[in-house]
Amino acid sequence: MTSLQTECPPPVDGIFRALADPTRRRVVERLNRSPASVSELAQPFEMALPSFIEHLRVLEGCGLVHSEKAGRVRTYRLAPEPLKLAENWLAEQRALWERRLDQFDDYVLKLKEKDR
């Protein structure tokens, strides 16, 4: 095993991996409105319940959702903290590329002035 394989991936990796799937993104969008039971969440999807529950496990595994069971009903709710982590990562990337594009723009302007 290489050293890269033994390291734990950053939490943001799991968040983006979970959000890469359209079914899981739709579940997150639904949970933005309010908590919901498994059956409420699964209703719009045409898939077997065990397959759908796997999607919920992925979301819960990376911390995007939390669930609690009351009697026979398991209810899921959105956990906003991991979304903030992903948002912060994206903001850092955006700032980096904006700086790079500003530097490139300055460089191009200097080249234009030099050619005059």
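Histidine 55 is located in helix α5, which covers residues 49-61; helices (H or I, at least four residues) and strands (E, at least two) are DSSP runs, numbered from the N terminus. This is a predicted model in which local features need pLDDT of at least 70 and side-chain atom pairs count only at pLDDT 80 or more, while totals for chains, interfaces and linings use all residues. Residues are numbered from 1 along each chain as its sequence is written, and side-chain values use heavy atoms, with hydrogens and water left out.

- Apart from neighbours within four places in sequence, histidine 55 is in contact with Asp21, Thr23, Arg24 and Met47, where contact means heavy atoms within 4.5 Å.
- The 13 residues of α5 should span 18 Å at 1.5 Å a residue, and this agrees with the 18 Å between its end C-alpha atoms; the expected span is 1.5 Å times one less than the number of residues in the helix.
- Phe52, His55, Leu56 and Leu59 are buried in α5.
- Viewed down the axis of α5, these buried residues fall within an arc of 95°, so they line one face of the helix; the arc is that of the directions from the helix axis to the C-beta atoms.
- Pro50, Arg57 and Gly61 are exposed on the other side of α5.
- The partners against which the buried residues of α5 pack are α2 (11-19), α3 (22-33), α4 (38-42), β2 (65-70) and β3 (73-78).
- Glycine 63 follows α5 and has a positive phi, near 90°.

**Threonine 23 and helix α3**

- Threonine 23 belongs to helix α3 and counts as buried because its relative accessibility is 13%.
- Not counting residues up to four places away in sequence, threonine 23 touches Phe45, Met47, Phe52 and His55.
- Thr23, Arg24, Val27, Val28, Arg30 and Leu31 are the buried residues of α3.
- Down the axis of α3, its buried residues fall within an arc of 160°, so they line one face of the helix.
- Asn32 and Arg33 are exposed residues on the face of α3 turned away from its buried side.

**Packing of α3 with α5**

- Two packed helices are described by the angle between their axes and the distance between the axes.
- The axes of α3 and α5 come within 10 Å and cross at roughly 70°; axes are lines fitted to C-alpha atoms, for helices over the stretch in contact, and angles run from 0 to 180 degrees between N-to-C directions.
- By class, the contact of α3 with α5 has 6 nonpolar, 2 polar and 1 charged residues; Ala, Val, Leu, Ile, Met, Phe, Trp, Tyr, Cys and Pro count as nonpolar, Asp, Glu, Lys and Arg as charged, and the others, Gly among them, as polar.

**Leucine 83 in helix α6**

- Leucine 83 is found in helix α6, residues 80-115, and is partly exposed, with a relative accessible area of 25%.
- Leucine 83 is in contact with Leu19, Val28, Leu64 and Leu78, leaving aside its neighbours within four places in sequence.

Key
Buried means under 20% relative accessible area, exposed over 50%, partly exposed in between (1.4 Å probe, protein chains only).
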